[in-house]
Amino acid sequence: MNLHEYQGKDLFRAAGIPVPPGEVARTVDEAAASGERLGLPLVVKAQVLIGGRGKAGGVKVVRSVEELRREAGRILGLDIRGHQVRKVLITPASDIEKEYYAGIVLDRKYETPLLMVSPAGGVDIEEVARETPEKILRLHLDQRGLPAYRARAAASFLDPRPAVRRQLATVLLKLARVYHEHDCSLAEINPLVVTPKGEVLALDAKVVIDDNALDRHPDLAALRDLGAEDPGEVEAREKSLSYVRLDGSIGCVVNGAGLAMATMDLIHYHGGRAANFLDIGGSSNPEKVTAAMSLLTRDARVRAVLFNIFGGITRCDDVARGLLTALDRIGTKLPIVIRLTGTNEKEARDLLSARGMTALSDMDEAVRAVIARAAEAA
Ligand code: GDP
Ligand code: MN
C-alpha cells in the first residue's frame, strides 16, 4: 500500500525525523487558509500515489497569496499520469543548499532491506543509478538493522561536515526504524536537504507498506486512500481477486498465480502485451469470474480477453458458467478467447457451445489467437 507524502511525513515526524510542518487542502480556499496559518513562501504539492510530481508540474513554490491561490487551483485540476489530484499539501518552503537521497527498499534478491544513499538527490534515483552509479552507496541491512557505525559511514558518503553528518546519521537510523516498525517495503526521502544554515530536513516522503503486514497495523490500514488508488485494483481487492494493472491490450483471466505468470510470458513471447495480471484463484466461484469480466470490460485499453483455465480444484464448467453469467449481466463486444482443460472440461465445452462459443485446449494456440484478435480490434 502506497502512502501519500503527507502520511509518510506523519510517520517520519513521529519517529523524530525533521520534517517541515504542513496542512492538506482539498480546495483553493482551504489552501489559502493553510497559507495564512503557515506563512509565505510556501510549496504547493500534489498528493497523488505516484512519483515524479515535480516534473509533471505538481510541485510549486509560491511567494504571494495570489500565487498560492492560482497554483493550488491549477494543481488541484491536474491529472498526473492517470492520477487525478484531489488534495494538495501546503508546506513552508525551505531554503535548499544541498539535495541528497536516502531510501530503504526491500531487496528481494538478497532477502534483506537495502539502504541506498546518494549525494545526487532531488532527481530520479533510477537515473542516477543509470548514469552515475558511483554516486550511490548501497548497504544491505541484516538482522541487526542499521548499526550506528554503518549509519555514520553512509552519512559521511553524503556530506563531509561533522555537524551535518551527525544529523544525517541520525535521520538514517530513524528511517531504518520507520522501515522496520511499519513493515515497509520502501521508505524513501528524496530530497533529504541541507539548508544554508546547516539544518537537515526531509522534504519528501515515499512510503510503501507491505500489504501482507497490514493485519498487524490497523492504524496504517486505515490510511488507505481508496479514492486515489486504481479503481480496478480496489474492486479486485474487495472481490478477493489478485489483480495488477499493466499497460498492454490483452485482458487475462487465469486461475492460479503461476499459470497467470506463464500466460503473460507467453503473450510477450508471441509479441503481445498483457493489460493485467489477474488470478481468479483456485476456487470455482462464478461471482469471481463475473467480477473479473466486469473489471476488464471497463478498462478501455483492453482489446481482447483471454481465459486460460487449468481445471483442478477449479472446475472448468463453473468458470464457463461464470463467464456466461458475466456476459448476460454486462454484455460486451470484446473478442474472447477461451482455453480450458482439466476437471469438467467436457461439461464446460457443452455449456459454451450451447451459446455458440468454442474453447481451445492448447495454450500456445489460444495465446496466438488472442493476440490476433486484439490486433484486429485495435
Ligand atoms: P517529486 O517530484 O514527486 O519527488 O516531489 P518532491 O517533493 O521531491 O519535490 C520535487 C522538487 O521540488 C524537489 O527536489 C525540490 O527541488 C523542489 N522542492 C520541494 N520542496 C521544496 C522546498 O521546500 N523549497 C524549495 N526551494 N524547493 C522545494
Ligand atoms: Mn521526491
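## Buried alanine, ligand shell and backbone features

Ala-291 counts as buried because its relative accessibility is 6%, and the cut-off for that class is under 20%. The structure described here is a predicted model. Ala-291 belongs to helix H10, which covers residues 286-297. Leaving aside residues up to four places away in sequence, Ala-291 touches Glu-235, Lys-239 and Leu-241. Another alanine, Ala-369, is 78 residues from Ala-291 in sequence, and the two C-alpha atoms are 24 Å apart in space.

**Domains**

The domain assignment divides the protein chain into domain 1 (21-92), domain 2 (98-221) and domain 3 (230-377). Between the C-alpha centres of domain 1 and domain 2 the distance is 25 Å.

**Ligand 1**

Around ligand 1 there are 15 residues, and the closest are Lys-45, Arg-53, Gly-54, Ser-94 and Glu-99. By type, the shell holds 6 nonpolar, 5 polar and 4 charged residues. Strands E2 and E10 each supply at least two residues of this shell.

| Residue | Protein atom | Distance to an oxygen atom of ligand 1 |
|---|---|---|
| Lys-45 | polar side-chain atom | 2.5 Å |
| Gly-54 | polar backbone atom | 2.8 Å |
| Glu-99 | polar side-chain atom | 2.8 Å |

Taken alone, ligand 1 exposes 560 Å², and 78% of that area is buried by the protein.

Most residues other than glycine have a negative phi, and most peptide bonds are trans. Some places in this model depart from that pattern, and they are taken in turn below.

The peptide bond that joins Leu-40 and Pro-41 is cis, with an omega of about -10 degrees. Pro-41 sits in the loop that runs between helix H2 (28-38) and strand E2 (42-46). Strand E2 is one of the elements that supply at least two residues to the shell of ligand 1.

A cis bond also leads from Asn-190 to Pro-191, where omega is near 10 degrees. Pro-191 is placed in strand E10, residues 184-194. Strand E10 likewise supplies at least two residues of the ligand shell.

**Positive phi values**

Glu-111 is a residue other than glycine with a positive phi, near 55 degrees. The loop between strand E7 (98-107) and strand E8 (112-118) contains Glu-111. Is Glu-111 buried or exposed? Glu-111 is exposed because its relative accessible area is 68%, and the class begins over 50%.

Asn-344, also not a glycine, has a positive phi near 60 degrees. Asn-344 is found in the loop between strand E17 (336-342) and helix H12 (345-353). With a relative accessible area of 24%, Asn-344 is partly exposed, because that class lies between the limits of 20% and 50%.

Methods: Residues numbered from 1 in each chain as written. Chains lettered and ligands numbered in written order. Predicted model: local features only at pLDDT ≥ 70, side-chain atom pairs only at ≥ 80, totals over all residues. Heavy atoms only, no water. Helix = DSSP H or I, 4+ residues; strand = E, 2+ residues; numbered from the N terminus. Buried < 20%, exposed > 50% of the residue type's maximum accessible area, 1.4 Å probe, protein only. Contact = heavy atoms within 4.5 Å. Domains from an automatic or database assignment. Near = heavy atom within 4 Å. Polar contact = N/O pair within 3.5 Å; in protein donor to acceptor, adjacent residues only side chain to side chain. Areas by Shrake-Rupley, 256 points an atom, 1.4 Å probe, with all protein chains shown as cover. Nonpolar A, V, L, I, M, F, W, Y, C, P; charged D, E, K, R; others polar.
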